Amino acid sequence: MTTQSNPSAWQPGVTGGGTLPSGPGGRPAAPSGDGHGPPTGPPTVTIGAFPDYPAAQRVVDHLADNRFPVERTAIVGTDLTMVETVLGRMTTARAALVGAGTGAWFGLFIGLLFGIFTVGNWVAVILAGLVIGAIWGAVFGAVAHAMTGGQRDFTSASSLRANQYAVTVEADVADQARQLLGRLNLGGRAAQPAG
């Protein structure tokens, strides 16, 4: 059984001929080039690979100190890993305490705004805003934590870490960068050549 295709319908990867489907902004123009996004820029060459960011940063800093056009360099982290460091256990009391702190800051801000326009005792207005903000913050913090039903009883901080940091430069200035890099003492570690 054969199916007939509509020659005027839009098809991904096909340039010209087909029309794109309309969206909320009207009819969009066809993507330029190969349709895989914007051009990536000039070709680059890796001049060194380092196990930590400070070493890669030191290389770029050395290039900048020697009047190299560092706007043509990049530090590229590869083999990225997301690390979530657990900071501690979250209890309802701790959630209320954190909420009280946040609410106190907000209450202080509101108290300052009202205090500016107060004719009488403006310090009392600021303190009232701070106390009321802390109380409401504690209530909201405790209720929000209780509503999670124990699904996440800890606090954490997330960060991205790379296994290796490569310093890349545009291909037409790679020789100049390598010469400058040859003068840099990395504490006995030479830059690893890119493969």
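## About the model

Because this is a predicted model, local features need pLDDT of at least 70 and side-chain atom pairs count only at pLDDT 80 or more, while totals for chains, interfaces and linings use all residues. Residues are numbered from 1 along each chain as its sequence is written, and side-chain values use heavy atoms, with hydrogens and water left out.

## The sheet

Let's start with the strands (DSSP runs of E, at least two residues; helices are runs of H or I, at least four, and both are numbered from the N terminus). Three of them, in the order β1-β3-β2, form an open sheet with antiparallel pairing; two strands pair if DSSP finds at least two bridges between them. The edges are taken by β1 (44-50) and β2 (73-89), each with a single partner strand, so one side of each has no neighbour in the sheet.

Between β1 and β3 there are 6 bridges in the antiparallel sense. Gly48 stands opposite Val167 in β3.

## Salt bridges

The whole structure has 3 salt bridges, each a side-chain nitrogen of Lys or Arg within 4 Å of a carboxyl oxygen of Asp or Glu. Arg72 meets Glu170 at 2.7 Å, N to O. Asp172 lies in the loop between β3 and α4 (174-182), so its pairing with Arg72 ties together parts that are 100 residues apart in sequence.

How do these partners differ in exposure? Glu170 is buried at 17% relative accessible area, Arg72 is partly exposed at 23%, and Asp172 is exposed at 61%. (Buried means under 20%, exposed over 50%, and partly exposed in between, with a 1.4 Å probe and protein chains only.) Another salt bridge joins Arg178 and Asp175 at 3.6 Å, N to O; these two are 3 residues apart in helix α4, about one helical turn.

## An aromatic pair

There are 2 aromatic pairs in the structure. In one of them, the ring centres of Tyr53 and Tyr165 are 5.7 Å apart with planes at 75°, so the pair is edge-to-face. Rings of Phe, Tyr and Trp (its six-membered ring) pair if their centres lie within 6.5 Å; planes under 30 degrees apart count as stacked, over 60 as edge-to-face and the rest as tilted. Tyr53 is partly exposed at 39%, whereas Tyr165 is buried at 17%.

## The helix α3 residue Phe140

Phe140 is found in helix α3 (residues 122-147) and is exposed, with a relative accessible area of 55%.
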